[in-house]
Amino acid sequence: MNAVYILSGLGIFSLLAEIFSFRKILFPIVLLGLLATAGLLVMDWNTGTSHFSNMLTFDNYAIAFSAGIAVIAFLWFLMSRDYFENNTHVTDHFALVLFSLVGAVFMVSYSNLAMLFLGIEILSISLYIMAGSKMTDLFSNEASFKYFLMGSFATGFLLFGIALVYGVTGSFDLGKINQVITAGSTEFSALLYAGVLLMMVGLAFKISAVPFHFWAPDVYEGSPTVVTAFMSTIVKIAAFAGFFRLFATCFASVSGEWVNVVQVIAVLTLVVSNITAVYQNSVKRMLAFSSIAHAGYLLITLVALNEISASAILYYVLAYAAASLAAFAVLHNVAFENENASAESFNGLSKRNPFHAFAMTVALLSLAGIPPLAGFFAKYYIFTVAFESGYVGIVLLAVVTSLIGIYYYFRIIIAMYLKAPETTTPVAVTTMHNVMLVICLLSTIILGLFPDMIIKLI
Amino acid sequence: MTLYAFYFISFLAVLSALMVVFSRNPIHSVLYLVITFFCVACHYLLLNAQFLAAVHVIVYAGAIMVLFLYVIMLLNLNKDDESQKSNLWKAGAVITSGLLLVVFVGALRGAEAESVSFASSNNTGLVKNLGRLLFNEFLLPFEIVSILLLAAMVGAVMLGKTHMKRAKEIAHEKNGRGSVASARGIGNIKELTK
Amino acid sequence: MSDLIGFIPLAPLLGFLFIGFLNKSLTKGWVSFFACGAVFVAFILSSVLFFNLLNAPEGQAAFTYTAFDWITTGNFSVSFSFLVDPLSATMMMIITGVGFLIHVYSVGYMYHDDGFRRFFMYLNLFIFFMLLLVMGSNYLLMFVGWEGVGLCSYLLIGFWFKNQDYNDAAKKAFIMNRIGDLGLILGVILIFVTFGSINYADVFSKAGEFPVGSEIITWITILLFVGAIGKSAQIPLYTWLPDAMAGPTPVSALIHAATMVTAGVYMIARNNVLYTLSPFTLEIVTVIGLATALFAATIAIAQNDIKKVLAYSTVSQLGLMFVALGLGAFTTGIFHMATHAFFKALLFLGAGSVIHGMSDEQDIRKMGGLRKYLPITFITFLVGTLAIAGIPPFAGFFSKDEILANAFAHSKVVYAVGAIASLLTSFYMFRLFFLTFSGENRASEEVKHHIHESPKSMTIPLMVLAVLSLIGGFMGVPEVLGGSHALNNFLSPVFAQSAQIAGEHHHLDHSTELILMGLIVGLTLVMIFIAYSIYVRRKSVPTSNEASLGAAHRLVYNKYYVDEAYNTVVVKPLYFLSKVFDSVVEKLLIDNIVNGTGKAITWGSKTLRLVQTGNTGFYILAMVISIIVLLVSRSFL
C-alpha cells in the first residue's frame, strides 16, 4: 500500500514542482522514489495484507509484480531522460507517468473488480495523452486518438462484463465471486459466461492479443519511442498480471469453460503476430508485432494453468522487459532523427557504436529465445508448464512461431554486423543510456544464468 | 403501474437512441441523446436509485451534453460535413451490430434463473446509504478516482496548451541533441501549417 | 566450515571480473597482485578444507555446500552446490597450489607481453572453471566447468591470435574437444534418463541397484569415456594437445599438463562406481590408455621441439593414468595424476625458462650446454626428468611403480607394454635433457650473447615444484617399502562403494613387487645410459635433413602421419561428402523446402499485413465480429 502512496505523492509532487521550479531536482527525486517504492514493497514480502476492506491485497504475487514494475519504471526513466528534457511539459509528463504507474500497481494487486477497472482507466487515460505527447507530429496525434477511441470501446466491453458478473454473483470482491461460482454453480450460466468473456475481451485488448490487437501496431509506431517502450513493457506487464490474477484466482474453478477461448486467442496471437512481423520494414513496427507475439506466449500459461504458472509469467515478463527496454533504448538513440527507422538505418551499427550494436544483439537474441539468455529460459518455463499440463500441440506451434521470430530478429543483427553503414557518424549517447543498457544486459544474462532466483519466488 | 412505466420509458429510450444514430444533423443527435439520458435517469428512479438519477441528469444531460453542443457549434458541423461511409460499410455495421444484439439476447435470456437476491428497499438509493457505502467499503476507489480525474485534467491541459513558442525556442538552442530534435520539430510544424 | 567452500571458486572469479572491468586502469603490478592473490586465497581455503578432511572423524568424509537452487522445472532440479570430498580436495590442492605457482611464474614470463592483463584474466577464469569442474556436486555443474575450461584453453592456445597457425591450433583443440563433449553430453543425458537425477549422490546410490555388467551402465560409461578421451587427449583424439603448445608456456604447464587434461581422469575416478559396474568399459579404458602411452612415447623420441616432446610425454603419461583407472586402481590413477602435475608442471616451466633464456628458441637442436648459463633451471629440470623417469626416491617412481605393479597383477601383457612405455619415457626425457643442457651450445652467436637465467619470480616456482617432485611421492609409499600409503587411506571413502562391488583385489606378494621394482629401475638406468652415450659421448645431434633418416625414424618423426591420415580419412571425405550434399541434397531438396517455407511465410506476412489497414472503423468492426464469434463459439467448442 505504501507503494501507492509514494507513487501518487510523487505524481502530485511533480505537478507542484512546476510551480516551485523544482524541475532540476525532480528527476533524481523520482528515481529515488521509485527505488523506495520497490524497497518498501519487498519489505512486505510474505505478509499478504489486504487494505481498505479488501480492495487491494498485497500478496507475494502482487508484490513481485509491483516491485518489478517499479524497477522497470526506474530503468525507463533513465532511458527517457533526454526525451523529457527536450519537451515543454516535463513536470506534466512526469506526473502522467507516475499516475499511470499507480494504475499499474492497482492492476496487479486488486482484489475487487472496482479497483481493476479504476487501475485500467488510470493507466489508459495517462497513456492516451502520452501517446499523443509529441503534439507537433501527426502520427503521434493519430496514435493517441486511435488508442483513445478503441481503448474506450474495449473499456465499455470490460465494464459490461463486470456488470454481468456482478449481476450473477452479487459481488465485486474476487474471493466472494469465486465462492459463489464454486459453491452455487450447478451449471455455468450463459449470463456468467458472457460476463467472463466480455471481461476477457476487455483485458485481451489491453495486452493486445489477436484479434483485439489492431490498435497496437499503429499506436506503437505513431507514439514517441520512449512511450512505445513504456507501453510494451510496463503497460503490458500490468495488463497481463491483471488478466492472470483475475482468471487464475477468480475464475480458475470454471477454467474448463473459458480455457478453449484463451487457447484460440493464444494460437491466433502467436501465428498472426509472428508472421506479420516478418514483412515489417520499420523496426518499431516490428517490435510492436514482437510485443504482440510475446503476449501470445504469456497466454499459454493461462491455458495450461498450474502451480508454477505465476512464477513462469513473472520470469517471462522480467526477461522480456529487460530485453525490450534495451532494444527500445538502442532504437531511440539510433533513430532519433527518424522515428520510424527501417532495418536499413541499423546497417553497420557495429562500426558506428559497437556497444549499442552489442546491446541490441543481446536484447534481440534474448527476445528470440537463444540460450543462455533470459529469454530462452522464459520460453522454456512456459513450454514446460504447457507440456506438463498436456498441451503438446500448442507447445509445438509456439516453437515453430519462435523459429519464425528468430528470422525477423536476426535481420537486424545481420544488418548491424554485416552491412556497410550508410553514414560513418558515430551514434552519440549519454552516460545515462549506457548505464541503463548495462543494467538491462546484465539482468538479461544473470536471469539467464540463474533462473531459479525468480522461479522460486512466488 | 411500474411495469407499464418501465415499458414506456424503455421504448422511449431505445427510440431516441436509434434517432441519435439516424439523424443527419449533429445537433439533433445530441438532443436525442439528452432524451436518452433522461430515460435512463427514469430507470434509475424506478430502481429506487434517486441520487443516481439526479446525478445522472445533472452530469450527463446537464454538463456533458452542453459541452457537446458547444464543441459541435465551435467545429461548425452541419449536414454537408458529415463524412459519408459507403453502403458496404453501413451494411457491415448494421449486420454486425444486429448479430451482436442477437447474441446478447440469446446469452441473457436465461438470466431469470439466477438466484442472487438483491435486497432492496425504498431507502437503498438515498444519499445517506450511498454515502455510507462510499465512505466505508468503497473508500479507496472513491478517493482514488481523484487520481484518475487529476490525470485526465493534467492531460487535457497539456494537450490544450500552445507549443509553437517553445518549439521555436528549442530551435535556437543549437547544441547537442537538442538542435537535431528541434529541427525535426520545426519541420513538422512547417508541414502542419502548409 | 562449509561456508568457506563457496569462496574458493568465487575468489578467482572475482579476480577475473576485477581485472576485466578495471582493465586499463590497473598497472601490471596490481594485475599480478590481484590475479595471484585470488588464486592464493583459493589455495589457502582449499588447504584449510583439505586438512580438515584429513583430520575428519571416520564417516565424515565430505563437506557439501549449496549456494542456491539453480534450475527447477518439473522433476528436474539442479542446485548450484559444491561437494568437497577427499577426491575433489586433492584436485583442488593441485589446481590452486600448482595454479598459484604458475601464476607467479607467469608474472615474470609474460611481463613484456602486450596481453599481460588479458592473460591473467584468462588464467583466473580458467582456475574458476576448473574448480567448478572438480567441486560441482552434479553432472551439470561439472559440465559447465568442463566447457568453461575448454573455452579458456581455446582462448589461451590462440592467445597470440595474430599468428594464424596458433589460431588454427586453437580451433583444432576446440573442435576435437567438441567431439568428446558430445559423448559427455549424451552420457549425462543417459544418466538422467536412467537414474532420474544428475546429482552424484543420487546417481551413485541408485547405481548400487544395477547388476555388474549392466548394459545401460556400459553405455553410460563408454559415452563418458568418449568425453574423457577428448579432454585428456587419448587415442584417437590426442592430436590437438601437441598443437596446443602454441599457447604461452605457463599455459601449457597449467592447462595442458597439470590440470585441464587430467579432467578426464578426475571424471572417471568420480564415476568409479559406474565404471566398476562395467568391466567391459574398464577393459576399453585400459587398452586405449595403454595404446596411447606407448604410441605417444615413441613419437616423443623423435621430436625436436622442446615443448612438443613434453606434450607427447604428457599424452603418454595420461595414457598410463588411464591404464591405472582401467585396472580399477582409481587411487593409483589419482596418485600418478598428482605427482605428474608436480613434475610435468616443473618440466614445462623449466622449458619455459629455457625458451625465455634462449630468446624464444624452442628447437633442442639449437640448444645444448645450457647448464652453465641456467644453473637453477638446470638443477630443477634434472629433478623433473629424474622424477618422470621414475628414479627413486623421486615422485614419479612411486606412482609409476604402483601402476606397473597393478598391471602385473592384472596381466603380464599390460605390464610389458606399460613398462616399455615408461622405459621409452626415460629415454626421450634424458635425450631432451642432454641435448638441452650438456655439450656445446649450438645457438647462433647473437642468441648466445643474450642467454640469461630467468628472474626470481620464475625460478622460485621452479624450486618449489622441484621440491614437490622430490618429495611428492612420499604421500603414497607402498607397504613393501615400509610406508602406509597415506593417499590411499585418505581417498578410500570415495572409492569404498566400488571396492565393495569389485571385491578383493589380488595383491602381489612383496618379493615379486620388489623384484619388479628393481627390474624397472635397473632398466631405466640402462636407458639413461644409452641416452647418455648417444647424446653426450657421441655428441650426436638429430639431423634436420629428413631424407637422411631411416624409414622407421621418419615415420616416428612425422608422428606416424596421424594428422595426415586424419586429413585423408576424415577431413577429405567429409569435404567430398559435403560437396555432394551441397549440390544434391541441399540445392535440390533442402533449398526448395526452406525457400518454400520462407516464401509461404513471407506471402502470409504480406497478406496479413494488409489486414492492418489503419482504418479505425474497420478495426472496431473486426473486434466486434471477433466478440460475436467468441460468444457464439461456446456452443461449438
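Chain C of this predicted model is divided into three parts: domain 1 covers residues 1–137, domain 2 covers 182–546 and domain 3 covers 562–635. Between the centres of domain 1 of chain C and domain 3 of chain C, taken over C-alpha atoms, the separation is 46 Å.

The secondary structure of chain C comprises 26 helices and 2 strands. With a radius of gyration of 28 Å, close to the 26 Å that the globule rule gives for 637 residues, chain C is as compact as a globular protein of that length. Its C-alpha trace spans about 100 × 60 × 55 Å along the principal axes. Of the 637 residues in chain C, 50% are buried. Contacts also reach across the sequence: among those in chain C between residues at least 6 apart, 80% join residues at least 24 apart.

A single residue illustrates the local packing. C:Cys152 lies in helix α6 of chain C, which runs over residues 139–157. C:Cys152 counts as buried because 25 other C-beta atoms lie within 10 Å, where the threshold is 20 or more. Beyond residues up to four places away in sequence, C:Cys152 touches C:Tyr122, C:Leu125, C:Phe126 and C:Phe129. By contrast, C:Ser426 is 274 residues from C:Cys152 along the chain, and the C-alpha atoms of the two are separated by 32 Å.

In soluble globular proteins, nonpolar side chains tend to be buried together. The largest nonpolar core here has 217 residues, of which A:Leu325 and A:Ala326 touch the most other members. Helix α14 of chain A, residues 309–334, gives the most to this core, contributing 21 residues. Once neighbours within four places in sequence are set aside, A:Ala326 is in contact with A:Ala359, A:Ala363, A:Leu437, A:Cys440 and A:Leu441. A second, separate core contains 205 residues, including C:Phe43, C:Leu125, C:Ala258 and C:Val383. C:Leu125 is also one of the residues that C:Cys152 touches.

The two chains meet at an interface in which 28 residues of chain C are in contact with 30 residues of chain A. On the side of chain C that touches chain A, at least two residues each come from β1 (63–73), α25 (562–611) and α26 (616–632) of chain C. The largest share of that side is supplied by α26(C), with 9 residues. Sorted by class, the side of chain C that touches chain A has 13 nonpolar, 11 polar and 4 charged residues.

Note on methods
Residues are numbered from 1 along each chain as its sequence is written. Chains are lettered from A and ligands numbered from 1 in the order in which they are written. This is a predicted model: local features need pLDDT of at least 70, side-chain atom pairs count only at pLDDT 80 or more; totals for chains, interfaces and linings use all residues. Helices (H or I, at least four residues) and strands (E, at least two) are DSSP runs, numbered from the N terminus. The radius of gyration is taken over C-alpha atoms; the globule rule is 2.2 Å times the number of residues to the power 0.38. A residue is buried if 20 or more other C-beta atoms lie within 10 Å of its own, exposed if 12 or fewer, and partly exposed in between; C-beta atoms are placed from the backbone. Two residues are in contact if their C-beta atoms, placed from the backbone, lie within 7 Å. Ala, Val, Leu, Ile, Met, Phe, Trp, Tyr, Cys and Pro count as nonpolar, Asp, Glu, Lys and Arg as charged, and the others, Gly among them, as polar. A nonpolar core is a set of buried Ala, Val, Leu, Ile, Met, Phe, Trp, Tyr and Cys residues joined through C-beta atoms within 7 Å. Domain bounds come from an automatic or database domain assignment.
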